[in-house]
Amino acid sequence: MSEKDDRPEQKPGRPARISRAAIAECALEVGLDSATMVTIAGRLGVDHSSLYRHVKGRDDIISAAIDVAVERIDWTPPARDWREAVEMTAEAAWAMYEAHPGLAEAIRTLETTPPAIVRAFAAMCHRLEGFGFARLDAILVVDTVMDMTNDSAVALRRLRQPAQKKGQTVEVAKAEAWKPVEHSDTYAAIRAATWAAYAGDPKGWWRRKLALVLAGAAALHPDIS
């Protein structure tokens with residue numbers, strides 16, 4: 001006859017219905033600008049007070065969601081040279097912003113920087129160092145490219161949002177300001193060209209800005225191929 005274990009019998013516990021990872025995923029699904037404690041709790045089928053066992057509050061949820069989105073991207077994919085490396089990471093950032101509404105704005109408004117962003121930024125800078133850039137120049141290039149990409153993504157999304165006038169988008173409302181006010185408008189051609197470039201092909205205009213930044217980066221070190 002075998003001896004019995006004196007320890008109390010372990011009853012199977014109820015599996016956790018939510019986790020920090022599940023909360024972050026849910027925030028990305030609903031969109032970070034719509035991700036409230038109540039909304040996320042409702043989607044997960046729990047009371048919103050249960051979320052506090054895993055996150056400190058809404059900002060913590062947003063930070064966790066950004067971490068998930070950023071970690072999914074390879075910020076240092078194989079590249080033939082430094083220019084291609086920067087272009088590829090910038091395109092990855094743009095795609096990330098398009099895939100997750102509100103993420104670009106959230107990055108700007110959070111009081112802290114999510115850890116994944118810090119790691120990705122450092123990795124990109126380190127990569128440029130490997131291509132021959134001085135450390136501060138590498139940081140300058142990455143910071144400028146990512147700032148410009150973020151600002152462009154935020155501006156584009158703002159254009160697509162509803163304006164105060166019912167049935168109008170911000171893009172339509174803003175377009176009025178760029179139209180020539182009269183036939184004798186000295187700057188009519190510039191007005192028209194500016195708006196056509198800015199709103200006609202936002203991603204194409206962003207890519208031209210990126211090319212300008214990279215040309216400036218190349219001028220920092222003309223000896224770097």
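Predicted model: local features only at pLDDT ≥ 70, side-chain atom pairs only at ≥ 80, totals over all residues.
Residues are numbered from 1 along each chain as its sequence is written, and side-chain values use heavy atoms, with hydrogens and water left out.

**Stop 1: helices α4 and α7**

Select residues 82-99 for α4 and residues 135-160 for α7. Helices here are DSSP runs (H or I, at least four residues), numbered from the N terminus. Two packed helices are described by the angle between their axes and the distance between the axes. For α4 and α7, the axes come within 10 Å and cross at roughly 30 degrees. That makes α4 roughly parallel to α7 (angles under 35 degrees count as roughly parallel). The axes are lines fitted to C-alpha atoms over the stretch in contact, and angles run from 0 to 180 degrees between N-to-C directions. The crossing of α4 and α7 is right-handed, that is, the near helix is turned clockwise from the far one by less than a right angle.

Now show side chains. From α4, pick Val 86, Thr 89, Ala 90, Ala 93, Trp 94 and Tyr 97; in α7 they meet residues including Val 141, Val 145, Met 146, Asn 150 and Leu 156. Contact means heavy atoms within 4.5 Å. By class, the residues of this contact are 10 nonpolar, four polar and no charged (Ala, Val, Leu, Ile, Met, Phe, Trp, Tyr, Cys and Pro count as nonpolar, Asp, Glu, Lys and Arg as charged, and the others, Gly among them, as polar).

**Stop 2: Asn 150**

Stay in α7 and centre on Asn 150. Asn 150 is buried, at a relative accessible area of 2% (buried means under 20%, exposed over 50%, partly exposed in between, with a 1.4 Å probe and protein chains only). A polar atom of the Asn 150 side chain lies 3.1 Å from the backbone oxygen of Ala 104. Beyond neighbours within four places in sequence, Asn 150 is in contact with Tyr 97, Ala 104, Ile 107 and Arg 108.

**Stop 3: helices α4 and α10**

On the α4 side, look for Trp 82, Arg 83, Val 86, Glu 87, Ala 90, Glu 91 and Trp 94; among the α10 residues they meet are Lys 203, Trp 206, Arg 207 and Leu 210. This contact has 11 nonpolar, no polar and five charged residues.

**Stop 4: Ile 61**

Move to α3, residues 58-71, and select Ile 61. Ile 61 is buried, with a relative accessible area of 1%. Leaving aside neighbours within four places in sequence, its contacts are Ile 23, Ala 27, Met 37, Ile 40, Leu 51 and Val 55.

**Stop 5**

Finish on α6, residues 115-130, where you will find Ala 120 and His 126. Ala 120 counts as buried at 9% relative accessibility, whereas His 126 is exposed at 57%. Ala 120 and Trp 75 are 45 residues apart in sequence, and their C-alpha atoms are 6.3 Å apart. Leaving aside neighbours within four places in sequence, Ala 120 is in contact with Val 70 and Trp 75.

Notes
Helix = DSSP H or I, 4+ residues; strand = E, 2+ residues; numbered from the N terminus. Parallel < 35°, antiparallel > 145°, perpendicular 65-115°, else oblique. Polar contact = N/O pair within 3.5 Å; in protein donor to acceptor, adjacent residues only side chain to side chain.
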